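Biologist: I have not looked at this one before. Can you walk me through it?
Modeller: Go ahead and ask; here it is.

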Amino acid sequence: MKYSLRKTPSHLHLTYKYGEANGGLLGRNLVLEAEGNVLTLEVDLSANLLARNKQSAWYLDAVALSTNYHKLKSLQCPDNLVRARLIRVWEGMQEPKLRMRLVLHPHGRYLYEVAPHSLFMGGIQLDVQAFLEEESETTPTETTTTPENEAAPLAEADPHHRKHA
């Protein structure tokens, strides 16, 4: 069964392990899917990659997540509506387990086992317990070739191709 927690954008705050920089992203279409006693919160972060300004904080934080997804420590959502709806479903289950799927199309879909905590000032924090790599869909990072790298094999293959001073 699926429960819509929020369709409109909600600000999210991410923290990473090892003292990495914190990130702030907009999450859309927060959906809670229940299968047995397992709840999976899915958050679509793809819109952050559509920014025209490739120097904007949201774009840069989305790109950072695509490379540091395995270092994610926690995600905070200060939205009281999301918190209330999540708690309502959580309390109606016996021994619930919570997972979180972050969708960052086209870079991947990252699945985590998380533990929820209500925040004193409202909202909710999801602490990452484990990154579920086998159930995640990650896109390999693209290697960029430079003109120097492309010219090197040509120079080695052709002994007559030399630069003259």
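Biologist: Which residues are exposed on the other side of H2?
Modeller: Arg88 and Glu91 are exposed there. Exposed means over 50% relative accessible area, buried means under 20%, and partly exposed lies in between (1.4 Å probe, protein chains only). Helices (H or I, at least four residues) and strands (E, at least two) are DSSP runs, numbered from the N terminus.

Biologist: What are we looking at, and how were the values taken?
Modeller: This is a predicted model, where local features need pLDDT of at least 70 and side-chain atom pairs count only at pLDDT 80 or more, while totals for chains, interfaces and linings use all residues. Residues are numbered from 1 along each chain as its sequence is written, and side-chain values use heavy atoms, with hydrogens and water left out.

Biologist: Which residues of H2 are buried?
Modeller: Val82, Leu86 and Val89 are the buried residues of H2. They sit on the same side of H2, because they cover an arc of only 65 degrees around the axis. The arc is that of the directions from the helix axis to the C-beta atoms.

Biologist: What happens at the start of H2?
Modeller: A side-chain oxygen of aspartate 79 comes to within 2.8 Å of the backbone nitrogen of leucine 81.

Biologist: Changing topic: how many helices and strands are in the chain?
Modeller: The chain has three helices and nine strands. Along the sequence they follow the pattern β-β-β-β-α-β-α-β-β-β-β-α. Of the 165 residues in the chain, 37% are buried. Among contacts with a separation of 6 or more, 61% join residues 24 or more positions apart.

Biologist: Which residues of H1 are buried?
Modeller: In H1 the buried residues are Tyr59, Asp61, Ala62, Leu65, Ser66 and Asn68. They pack against E2 (10-16), E3, E5, E6 (97-104) and E7 (108-118).

Biologist: Which members of the largest nonpolar core touch the most other members?
Modeller: Leu65, Met100, Leu102 and Tyr112 do, out of 34 residues in that core. A nonpolar core is a set of buried Ala, Val, Leu, Ile, Met, Phe, Trp, Tyr and Cys residues joined through side-chain atoms within 4.5 Å.

Biologist: Is Arg101 buried or exposed?
Modeller: Arginine 101 is buried, because its relative accessible area is 15%. Arginine 101 lies in strand E6, and its side chain makes a polar contact with the side chain of glutamate 42 (3.0 Å). A polar contact is a pair of N or O atoms within 3.5 Å; within protein, one must be able to donate a hydrogen and the other to accept it, and residues adjacent in sequence count only if both atoms are side-chain atoms.

Biologist: Which side chain does Thr40 make a polar contact with?
Modeller: The side chain of threonine 40 pairs with the side chain of arginine 99 at 3.4 Å. Threonine 40 is in strand E4 and counts as buried at 7% relative accessibility. Threonine 40 also touches Arg101 and Leu111, among others beyond four places in sequence.

Biologist: Where is confidence lowest in the chain?
Modeller: Confidence is lowest in helix H3 (residues 147-157), with a mean of 43, and highest in E4, at 97. Over residues 142-165 the pLDDT is below 50, and this stretch has three contacts in the model beyond near neighbours in sequence. The chain averages a pLDDT of 84, and 84% of the residues score at least 70. pLDDT is the predictor's confidence in each residue, from 0 to 100.

Conventions: Contact = heavy atoms within 4.5 Å.
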